[in-house]
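Dear colleague,

I am passing on the structure we spoke of, with my notes placed below it.

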Amino acid sequence: MELTVWGIITAIVVGLIVGALGRLVVPGRQNMPIWLHLLIGVGAALLGTVLARAIGIATETAGIDWAELLVQVVVAAIAVALVAGVGRRRSVTR
């Protein structure tokens, strides 16, 4: 299982986009800075790359590997939503 430079770059870009979108999608005020959303998105997208390679979805293609990209987006979106949801529950004001 080898991570390519292109796979890492794609994971970073996907993570930044999904992290920013996660910030926009979660309703209400969030006590998390935008950089934390972006960092979570990048980490989860890198995890998605490793996961796609481990289960054999990722292939070496001449263009975009859509299956690997889909795994990256799904893992990153789930991570951002979970962290944003947990942070929202903890910050209950009375």
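W35 counts as exposed in this predicted model, because its relative accessibility is 54% and the cut-off for that class is over 50%. The residue lies in helix α2, and its C-alpha atom is separated by 8.8 Å from that of A20, although 15 residues along the chain stand between the two positions in numbering.

On helix α1, I17 is partly exposed, with a relative accessible area of 48%. I17 also belongs to a nonpolar surface patch of about 750 Å², to which V5, W6, I9, V13, L21 and L24 contribute as well.

For A44, once residues up to four places away in sequence are set aside, the contacts are V75, A76 and A79.

As for annotation, an unreviewed UniProt entry lists residues 6-26, 38-57 and 69-87 under "transmembrane region". In the model, the span 38-57 is 85% helix and 0% strand, and its end C-alpha atoms lie 25 Å apart.

Technical notes:
Residues are numbered from 1 along each chain as its sequence is written. This is a predicted model: local features need pLDDT of at least 70, side-chain atom pairs count only at pLDDT 80 or more; totals for chains, interfaces and linings use all residues. Side-chain values use heavy atoms; hydrogens and water are left out. Contact means heavy atoms within 4.5 Å. Patches are made of residues with over 30% relative accessible area and no salt bridge: like charges are joined within 9 Å, nonpolar side chains (Val, Leu, Ile, Met, Phe, Trp, Tyr) within 5 Å. Accessible areas come from the Shrake-Rupley method with a 1.4 Å probe; for residues, only the protein chains shown count as cover. A salt bridge is a side-chain nitrogen of Lys or Arg within 4 Å of a carboxyl oxygen of Asp or Glu. Helices (H or I, at least four residues) and strands (E, at least two) are DSSP runs, numbered from the N terminus. Buried means under 20% relative accessible area, exposed over 50%, partly exposed in between (1.4 Å probe, protein chains only). UniProt positions are given in the numbering used here, feature names are shortened, and annotations may be inferred rather than shown by experiment.
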